[in-house]
Amino acid sequence: KRDRVANVVRLVFSLHGESPDTIVLVGPIGAPGDAWLPFQVPALVEDGYRVLTFNPRGVPPSQVPDPPYSIVQMAADAAALIDALDIGPVTMIGYSMGALVAQELGLARPDLLRGVALLGTLGRKDVMRRALFDASLDSLRTGHRCPPKLGAVTRALQLFAPTRLDDDRWAQAYLSLTRALSDSDANTRTGLLAQQEATTAYDDRLDALRGMTVRTLVVAFELDLLVPAKLTREVAEVIPGARYVEVAGCGHGGPWECPELVNPVLLEFLGELSRS
């Protein structure tokens, strides 16, 4: 791992593979760059790409500046990192919060991008998603500490498809893994709160996204409860020329829940960009 100051914040990053054709991966709230290592990085490197993963601001050991953060600010961080490493133009794959960052980077700095893939994204929130994001933010602001087992179960119910939850072997492995995870570190809690504030504030961007000029793939997940496919489809409908794919049988955790379905969609899009 290395680090670089980008947009006045120190970001920890890793580069995987040797190709000049670089893919940048940006994930959900609180997710480190290493979260992509089990499923997406090997597939991308094997297909001939160099992959940049990094911890966004607020995810240690990257810097955790004091709030507030914004999605536009995190897009500027990504742009500054790409500029500092002199690796552009790149293709960015953003997932959940990372998809919001990717689409804002596409609007602000299209010169840095060959294309963007937006997984589990949105341009506005409906009533239930607004309530959900507000409730998550309220919980972090009040310092409410959910018991670890309840937190693990609640996240699973939000992120994964019923068929996955019904698989006892998978569920046991998931619960065993999450026992080792903790958000007790003060820096981690500060970063989670700041990223949740930024994501909760992100809304009413569909009109702006009509101005996207970067080639775009939009991927929804059929059984997504956090960001339902109807909201992701709206983004594809307003971005000129965007390609829309809905992955069957997956929840919001699609890239990590169903990589055998998601990775081929990403690789096909990347192949099209490389041939064009």
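When I say that two residues touch, I mean heavy atoms within 4.5 Å. One caution before we start: this is a predicted model.

Start with Asp204. Where is it found? Asp204 sits in the loop between α8 (186–201) and α9 (206–209). Is Asp204 buried or exposed? Asp204 is exposed, with a relative accessible area of 65%; the cut-off for exposed is over 50%. What does Asp204 touch? Leaving out residues up to four places away in sequence, Asp204 touches Gly123 and Arg124. Now take Val227, 23 residues from Asp204 along the chain. The C-alpha atoms of Asp204 and Val227 are 15 Å apart.

Next, helices. Look at α2, residues 71–85, and α3, residues 97–108. Their axes are 8 Å apart, and the helices pack at an angle of about 70°. That makes α2 roughly perpendicular to α3, because angles of 65 to 115 degrees fall in that class. Which residues make the contact? From α2 we have Ile71, Val72, Met74, Ala75, Ala79 and Ile82. From α3 come Met97, Leu100, Val101, Glu104 and Leu105. Sorted by class, the α2 contact with α3 has ten nonpolar residues, no polar ones and one charged.

The crossing of α5 past α7 is right-handed. Who meets whom? On the α5 side, find Ala152, Val153, Arg155 and Ala156. On the α7 side, find Tyr174, Leu175 and Thr178. By class, the contact of α5 with α7 has five nonpolar residues, one polar and one charged.

Last stop, the cysteines. A quick reminder: a disulfide is a covalent bond between the sulfur atoms of two cysteines. How many disulfides are there here? The count comes to one. The disulfide joins Cys250 to Cys258, with an S to S distance of 2.4 Å. The cut-off for a disulfide is within 2.5 Å. What about its hand? The torsion about the S-S bond of Cys250 and Cys258 is about -135°, so this disulfide is left-handed. Are the two cysteines buried or exposed? Cys250 is buried, and Cys258 is buried too.

To recap: Asp204 is exposed, while Cys250 and Cys258 are buried. Over to you for discussion.

Methods:
Residues numbered from 1 in each chain as written. Predicted model: local features only at pLDDT ≥ 70, side-chain atom pairs only at ≥ 80, totals over all residues. Heavy atoms only, no water. Left-handed = near helix turned anticlockwise from the far one by under 90°. Helix = DSSP H or I, 4+ residues; strand = E, 2+ residues; numbered from the N terminus. Nonpolar A, V, L, I, M, F, W, Y, C, P; charged D, E, K, R; others polar. Buried < 20%, exposed > 50% of the residue type's maximum accessible area, 1.4 Å probe, protein only. Axes fitted to C-alpha atoms, helices over the stretch in contact; angles between N-to-C directions. Parallel < 35°, antiparallel > 145°, perpendicular 65-115°, else oblique.
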